[in-house]
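Welcome! Let's take a look around a structure together, one question at a time.

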Amino acid sequence: MSGFPWLLVDQNTDDGELVIAACSDIDGLFVDPPQPPIERYTLLGCDPAGRLRDACDGFGPPWLGNVGLDAVHPPSSKHPAHCWHCAEELLDITVLDSRPSLVAPGLVDVTLEGRLRIEELARFARGADKAPEADGYRLVGVTGHGDQDFGSCRDVDGVFRGRPAPAPRGATLIGCRPEPPLQRALDALARGGARRRRWVQGSIFSVDRDGTAVGMVGAALGAEVAEVRPSRLGDGLVDVTVEPTYGDAIGGPRPAGARTVWQQWRASRPDVLGEWAEHDADLRHEWVGVALAHHEHRPDRPSGATYHLAGVHITDVEGFFCAIGEAINGPGGYFGWNLGALHDCANGGWGAAPAFRLVWHDSEVAREKLGSGYDRRWWAPAVTMDDLLGYLADSGVEVELR
């Protein structure tokens with residue numbers, strides 16, 4: 001597959017991995033994801049508590065962060081006490097006003113502004129845009145340090161409603177050399193065959209300059225061939241447009257700017273520390289994802305070893321994951337890209353046996369930058385330096401701050 005930077009690979013065949021197509025580019029792979037829209041919601045018959053009560057009374061800030069709606073099921077309900085598909089999470093919430101309730105004397109109706117995290121599996125489980133069977137909702141303040149009681153409400157307005165579905169996004173395999181699986185789909189298109197015969201599905205791989213193919217974590221294409229035309233990129237090559245049956249043609253697309261990170265790694269694996277430092281938080285996160293894709297499992301270094309973390313560029317949590325990957329596994333190394341993965345890596349199997357020592361140099365940079373707050377990139381409470389130190393301590397890592 002020399003000369004083609006992208007491969008589409010079927011990893012579910014009886015004979016192992018099977019290349020579907022080799023491509024010069026994949027239009028639709030690097031796109032900025034849509035953001036949840038700002039909406040208004042009303043808590044009806046609300047008995048507020050904690051910070052929600054303070055916001056309603058004017059004694060506290062109106063901004064609350066994330067608010068969970070946990071359905072309270074009637075005694076006759078067959079749902080368990082904690083039903084995963086009967087809860088919703090409101091994001092980045094601000095209290096706009098509160099007033100005596102029209103539905104429950106002595107209680108209040110509270111207008112909120114923010115966004116909704118739509119969990120597609122939960123909606124599928126109970127029916128699209130359908131409210132769960134509930135006698136009301138417990139209101140939970142979602143923080144990075146344990147949940148807070150925000151009280152309860154009888155009902156909610158503006159959450160469970162129909163919303164226009166985003167237009168499904170197709171994709172185009174550009175400068176493509178079809179292999180037999182894709183060629184069969186192209187032949188089916190030419191003869192007007194059934195849609196299922198035009199379907200192609202596979203994982204997306206990036207091919208480094210040395211010919212090494214690495215899978216993009218979580219990136220896959222699943223769609224039906226809709227159009228084919230000769231490509232300007234070479235004789236015998238074609239541009240193939242695919243359209244999804246539902247959803248998007250490419251699952252796990254990368255931010256538009258992430259192409260530069262993959263090109264950087266494709267040219268050569270990093271051989272000096274800190275090449276990621278020039279990137280913003282989005283691309284630093286992508287950098288660690290590329291490092292994960294390139295990670296080679298080797299025997300762990302012995303327990304009790306000391307590693308040195310270069311902290312001068314740790315201005316965000318993504319920078320921490322870039323830096324600790326390099327501290328453990330050298331330039332371009334991987335050692336987790338979120339808190340859960342960090343905990344898993346610290347338990348062994350990713351370059352360092354458990355119970356190691358980490359010397360964190362220039363730690364004052366992270367202490368200044370990784371403060372409490374809200375991360376609108378992830379719609380979640382920000383990860384602080386103390387969070388990181390706590391996770392490391394829980395994993396048996398001794399940290400020395402310098």
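This is a predicted model: local features need pLDDT of at least 70, side-chain atom pairs count only at pLDDT 80 or more; totals for chains, interfaces and linings use all residues.

Reader: How do the axes of helix α4 and helix α5 cross: roughly parallel, roughly perpendicular or oblique?

Author: Good place to start! Helix α4 covers residues 259-267 and helix α5 covers residues 281-294, and their axes come within 9 Å. They cross at roughly 40 degrees. Angles under 35 degrees count as roughly parallel and 65 to 115 as roughly perpendicular, so α4 is, relative to α5, oblique.

Reader: Which residues in α4 meet α5, and how many residues of the contact are nonpolar?

Author: From α5, the contact takes in Leu283, Glu286, Trp287, Val290, Ala291, Ala293 and His294. On the α4 side are Thr260, Val261, Trp262, Gln264 and Trp265. Of the residues in this contact, 1 is charged, 3 are polar, and the nonpolar ones number 8.

Reader: How many disulfides are in the whole structure, and what is the distance from Cys23 to the nearest cysteine sulfur?

Author: Searching the whole structure gives 0 disulfides. A disulfide needs two cysteine sulfur atoms within 2.5 Å. For Cys23, which is in no disulfide, the nearest cysteine sulfur belongs to Cys176, at a distance of 4.0 Å.

Reader: What is the phi of Asp92, and where is Asp92 placed?

Author: Most residues other than glycine have a negative phi. Asp92 is not a glycine, yet its phi is positive, at about 55 degrees. Its relative accessibility of 12% makes Asp92 count as buried. Its place is in a strand that spans residues 87-100, namely β5.

Reader: Where does Ala355 lie, and is Ala355 buried, exposed or partly exposed?

Author: Ala355 also has a positive phi, near 65 degrees, in a residue other than glycine. It lies in the loop between α7 (339-346) and β15 (357-361). The relative accessible area of Ala355 is 41%.

Definitions and conventions
Residues are numbered from 1 along each chain as its sequence is written. Side-chain values use heavy atoms; hydrogens and water are left out. Axes are lines fitted to C-alpha atoms, for helices over the stretch in contact, and angles run from 0 to 180 degrees between N-to-C directions. Helices (H or I, at least four residues) and strands (E, at least two) are DSSP runs, numbered from the N terminus. Angles under 35 degrees count as roughly parallel, over 145 as roughly antiparallel, 65 to 115 as roughly perpendicular and the rest as oblique. Contact means heavy atoms within 4.5 Å. Ala, Val, Leu, Ile, Met, Phe, Trp, Tyr, Cys and Pro count as nonpolar, Asp, Glu, Lys and Arg as charged, and the others, Gly among them, as polar. Buried means under 20% relative accessible area, exposed over 50%, partly exposed in between (1.4 Å probe, protein chains only).
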